[in-house]
Amino acid sequence: MSEPEQRPEHFLELIRRSKRGKFKIYIGMSAGVGKTYRMLQEAQVLFKNGVDIQIGYIETHNRKETSDLLVGLPVIPRRKLFYKGKELEEMDVQSIINIHPEIVIVDELAHSNIEGSKNEKRWQDVMEILEAGINVISAVNIQHIESLNKEIKEITGIEVTERVPDKVLHTADEVVNIDLTADELITRLKEGKIYDTSKIETALQNFFKVEKILQLREYALREVTMQVERKVESEVPRNPALRHEKFLACISSNDENSKMIVRKTARLAAYYNSTWFVLYVQTKKENADNIDLAVQRHLINNFKTATELGAEVIQENGENIAKSIVAVAKEREITTICIGKPHFNLIKSILSNNLFDQLLMKLTDTDIDLVILS
């Protein structure tokens, strides 16, 4: 299910409750579903009702029906930069903060800024604008969500490089799904409402296949459902008798599947709106003097991914990995430990020390669940 579309006035009501800016995100399964169009529709309604709403950055992709909705709306001029001999434009964050409209529209949340900009990513610009007390309406496609990177690549065959950390969506006060059926989206494509006519046939043979659209649509619907459930969790009084989940993802330094373990645990934590951690137990053979530099970089990248997805990273030293896992789980009041399949290096390490049974036995006497991720 998707979150019921809220009146523009509803977002306005939220705005006046807090000094930090309120954040609304339109999310869709792909380009062309109408996220930018819907943002501009909302902007027109608010502007006509006397709200100080301005355009910080919008990308119409030369779609006439979208461009027409810009007419009459105040636009904050973009910042011009020279990069590799070309004049390019970026959103002017400082001008937005100086002008300080009540609401600003910022399109393409996953956009990477030109080299030399204050922030590397546009979502970081948005966080800065929100902290300045300005309310933001933005948009993103499901394929740009960090924790879904591997799944999206398997569906589309494309590695999405511009990604938004899940924690950014978690900060949103409203997330609204812009939904179309696969047939409606393909019809829009064939009518030239998404891409230039020269690109239509290629798009139909690649990204815009019915089976791919359906899978992406499912992910978009599921993401918004999780956001609604998270909102209920935070705003509806919790029954003290219910268990509050805490997840612990256990990774190793040289396991190529560690990133998968991190991403899947992030999704579980997001679903339950819960705290989660990533644990790495460093043995003597993996200390700074012994570990390969490439392995170190791989480990650091996994730590960075985990942090971006909202985890707290824990690093322990010890030879008894299973014992360290149980100790951390008890100390942090973990409810669910997440590990990889037995062919992963972490499990091999546990098995080689004859401690896997010990891990299971210790967990048997607790309320801690053990999840093996495929």
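**Notes on the predicted model**

1. K22, at 14% relative accessibility, counts as buried, a word used here for residues under 20% relative accessible area, with exposed meaning over 50% and partly exposed in between (1.4 Å probe, protein chains only). The side chain of K22 meets that of D173 in a salt bridge, with 3.4 Å from N to O; the term stands for a side-chain nitrogen of Lys or Arg within 4 Å of a carboxyl oxygen of Asp or Glu. Because K22 lies in the loop between α1 (8-15) and β1 (23-28), and D173 in the loop between α7 (166-170) and β7 (174-178), the pair ties together parts that are 151 residues apart in sequence. Helices (H or I, at least four residues) and strands (E, at least two) are DSSP runs, numbered from the N terminus.

2. Before going further, please keep the basis of these values in mind. This is a predicted model, in which local features need pLDDT of at least 70 and side-chain atom pairs count only at pLDDT 80 or more, whereas totals for chains, interfaces and linings use all residues. Residues are numbered from 1 along each chain as its sequence is written, and side-chain values use heavy atoms, with hydrogens and water left out.

3. On confidence, the protein chain averages a pLDDT of 85, and 87% of the residues score at least 70, where pLDDT is the predictor's confidence in each residue, from 0 to 100. Where pLDDT is low, the predicted coordinates should not be read in detail.

4. The count of salt bridges comes to 20, and two further pairs deserve a look. R188 forms a salt bridge with E65, the closest N and O atoms being 3.3 Å apart. This pair links distant parts of the chain, since R188 is in helix α8 (residues 182-190) and E65 in helix α3 (residues 64-68), 123 residues apart. R188 counts as buried at 18% relative accessibility, while E65, at 32%, counts as partly exposed.

5. In the other pair, the side chains of R122 and E90 meet in a salt bridge at 3.5 Å from N to O. R122 lies in helix α5 and E90 in strand β4 (residues 86-90), so this pair ties together parts that are 32 residues apart in sequence. R122 is buried at 0% relative accessibility, and E90 is buried as well, with a relative accessible area of 2%. There is also a network of salt bridges that links E146, K153, E159, R163 and R263.

6. How many residues of helix α5 (residues 122-131) are buried? The helix is mostly covered, with 7 of its 10 residues buried, namely R122, W123, D125, V126, M127, I129 and L130. Helix α5 is followed by G133, whose phi is positive, near 90°.

7. The largest nonpolar core has 69 residues, of which F23 and L109 touch the most other members; such a core is a set of buried Ala, Val, Leu, Ile, Met, Phe, Trp, Tyr and Cys residues joined through side-chain atoms within 4.5 Å. Helix α10 (residues 210-235) supplies the largest share of this core, 6 residues. A second, separate core of 19 residues includes F247, A269, W276 and L373. Contacts of L109 (heavy atoms within 4.5 Å), not counting residues up to four places away in sequence, include F23, R122, W123 and V126.

8. The count of disulfides, meaning pairs of cysteine sulfur atoms within 2.5 Å, comes to 0. C250 is in no disulfide, and the nearest cysteine sulfur, that of C338, is 8.0 Å away. C250 is buried, with a relative accessible area of 1%, and C338 is buried with 0%.

9. Most residues other than glycine have a negative phi. H100, however, has a positive phi near 55°; H100 is found in the loop between α4 (93-99) and β5 and is partly exposed at 37% relative accessibility. E333, also not a glycine, has a positive phi of about 55°; E333 sits in the loop between α13 (321-331) and β11 (336-340) and counts as exposed at 59% relative accessibility.
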